[in-house]
Amino acid sequence: MADFDMIYEVNEVDGGDNSATISDSNYTIVVPDSVLIRGAGNFTVFGLSNKFDTEFPQALSAKVAPEEFAASMKRINGVLKKTLPMNMKWLLCGCLCCCCTLGCSMWPVVCLTKRTQHLIEKVLDWENSHLYHKLGLHWKLAKQRSDSNSMTEYVLLLEFIPKIPIHRPD
């Protein structure tokens, strides 16, 4: 109630315009770094590994239960387990027929890989809407350049959503 009656200092600007100044130094929002989950599979098709690492990151120890994280990773890896063997078969078929078709036999692999990416994004959206947004987290499938070589790979990012301070004045 004491803040309601508080009078802010009014500064005179060159044009005589009166404006209230409020210091924003007390309202800094600190967001931790994103948690990065890399692919840990045996093979990779167009940057998408056949499974992601299921080890529980220490950065999530106070945010998410290890069982919930394991269930989420099981769903994501289930999608990859179901779709990537078919992508691999089409990739081998496309490589064998590449000379005869002038590269057009690679289009099914590209389309199936995009379909797999969309399926993973759908799973991540479901996870976000049912659990992770309530905990202040957001799953995202992102491209990242590999450290060891110049290849690009898909990784899972678990970003922290900054909490909006509702006590901050407009």
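How many bridges join β6 and strand β7, and in which sense do the two strands pair? In this predicted model, β6 pairs with β7, which spans residues 152-160, through nine bridges in the antiparallel sense. Within this pairing, W139 has L158 of β7 as its bridge partner.

The pairing of β6 and β7 belongs to an open sheet of three strands, arranged in the order β3-β7-β6 with antiparallel pairing. The edge positions are taken by β3 (35-37) and β6 (137-145); each has a single partner strand, so one side of each is left without a neighbour in the sheet. From one strand to the next, the twist averages 30 degrees.

Two helices are placed against these strands. Helix α1, formed by residues 66-96, lies across β3, β6 and β7, and the helix runs at about 50 degrees to β6. Helix α3, formed by residues 107-132, also packs on the sheet, where it touches β6 and β7. The direction of helix α3 makes about 150 degrees with that of β6.

Along the chain, L92 and M106 are 14 residues apart, and their C-alpha atoms are separated by 9.3 Å.

How values were computed. Residues numbered from 1 in each chain as written. Predicted model: local features only at pLDDT ≥ 70, side-chain atom pairs only at ≥ 80, totals over all residues. Heavy atoms only, no water. Pairing = 2+ DSSP bridges. Helix = DSSP H or I, 4+ residues; strand = E, 2+ residues; numbered from the N terminus. Axes fitted to C-alpha atoms, helices over the stretch in contact; angles between N-to-C directions. Contact = heavy atoms within 4.5 Å.
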